[in-house]
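Subject: Structure for you to look at

Hi,

Here is the structure I promised to pass on. Please open it and keep it beside you while you read.

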Amino acid sequence: MVLALLHPLVCRSAETWREALPEAQALGSGEMTWFGLRIYRATLWSAQRPFDATRTFALQLHYHVGIGKERLVSTSIDEMARIGKGLIAADVLERWRTELNDAFVDVAAGDELIGVYLPMQGMELHNQRRLLAKINDIELANAFFGIWLDKATRDEALRKRLRGESP
């Protein structure tokens with residue numbers, strides 16, 4: 001009986017990222033692989049079709065493998081710096097590293113991390129259970145989501161699948 005009463009609360013906390021996007025639909029999804037190993041399945045959620053990167057959207061990553069938070073932070077910073085082509089100052093990257101280190105958690109196979117882009121504000125980071133952090137830094141948010149959505153991404157095919165531009 002107690003579990004039945006708690007069920008709506010558990011579902012609600014798992015869906016907190018959807019509150020920012022109540023009418024969102026999956027635009028596209030695809031697998032991120034590394035040397036043939038499936039790392040995660042990415043899904044881009046938006047209320048607009050075609051995709052409009054200036055409006056609220058969410059990027060959901062469903063992990064197939066475990067990755068420590070330090071590795072997630074380090075890889076994110078490295079990719080943002082690479083896409084920024086050396087134009088992001090070292091002190092800015094270090095500030096971003098601190099922000100992401102405070103926000104990220106270790107992930108295990110089956111876990112999800114969801115980033116919600118909030119125009120003119122920044123972003124929220126969630127896992128499947130709760131809000132992990134709200135980061136009020138629009139430059140960090142743009143650089144972070146650029147890892148997947150910028151034209152300089154490492155995986156152009158995934159970028160197109162996420163945006164719903166190719167099957």
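Below is what I found, starting with the whole chain and then moving to single residues.

One caution before the details. This is a predicted model. Please keep that in mind throughout.

**The whole chain**

Start with the secondary structure. The chain has five helices and six strands. Their order along the sequence is α-β-β-β-α-α-β-β-β-α-α. The radius of gyration is 16 Å, close to the 15 Å that the globule rule gives for 167 residues, so the chain is as compact as a globular protein of that length. Along the principal axes, the C-alpha atoms fill a box of roughly 55 × 35 × 35 Å.

How much of the chain is buried? Buried residues make up 42% of the 167 residues. The accessible surface comes to about 9300 Å². Carbon and sulfur atoms hold 56% of that surface.

Contacts say something about the fold too. Residues 24 or more positions apart account for 53% of them.

**Salt bridges**

Side chains of opposite charge can pair when their charged atoms come close. How many salt bridges does a search of the whole structure find? The count is eight. Here are some of them.

Look at Asp137 and Arg95. Their side chains meet in a salt bridge, at 2.6 Å from N to O. Asp137 lies in the loop between β6 (131-135) and α4 (138-149), while Arg95 is in helix α3 (residues 90-103), so this pair ties together parts that are 42 residues apart in sequence. Is Asp137 buried or exposed? Its relative accessible area is 11%, which is under the 20% cut-off, so Asp137 counts as buried. Arg95 has 39% relative accessibility and counts as partly exposed.

Next, go to helix α5 (residues 156-162), which holds both Glu156 and Arg159. These two residues are three apart, about one turn of the helix. They form a salt bridge, and the closest N and O atoms are 3.1 Å apart. Glu156 is partly exposed, at 30% relative accessibility. Arg159 is buried, at 8%.

Then find Arg163 and Glu165. They form a salt bridge as well, with the closest N and O atoms 2.7 Å apart. Arg163 is partly exposed, with a relative accessible area of 21%. That value lies just on the partly exposed side, because buried means under 20%. Glu165 is also partly exposed, at 45%.

Which residues are linked in a network of salt bridges? They are Glu31, Arg38 and Arg41.

**A closer look at Ser46**

Now turn to Ser46. It sits in strand β2 (residues 37-46). Ser46 is buried, with a relative accessible area of 2%. A polar atom of its side chain lies 3.0 Å from the backbone nitrogen of Gln48.

What does Ser46 touch, leaving out residues up to four places away in sequence? The list is Glu23, Ala24, Gln25, Leu27, Phe51, Thr56 and Phe57. Select these in your viewer with Ser46 to see its surroundings.

**Where to start**

Then show helix α5 with Glu156 and Arg159. Finish with Ser46 in strand β2.

Best wishes

Technical notes: Residues numbered from 1 in each chain as written. Predicted model: local features only at pLDDT ≥ 70, side-chain atom pairs only at ≥ 80, totals over all residues. Heavy atoms only, no water. Helix = DSSP H or I, 4+ residues; strand = E, 2+ residues; numbered from the N terminus. Buried < 20%, exposed > 50% of the residue type's maximum accessible area, 1.4 Å probe, protein only. Polar contact = N/O pair within 3.5 Å; in protein donor to acceptor, adjacent residues only side chain to side chain. Contact = heavy atoms within 4.5 Å. Salt bridge = Lys/Arg side-chain N within 4 Å of Asp/Glu carboxyl O. Rg over C-alpha atoms; globule rule 2.2 N^0.38 Å. Areas by Shrake-Rupley, 256 points an atom, 1.4 Å probe, with all protein chains shown as cover.
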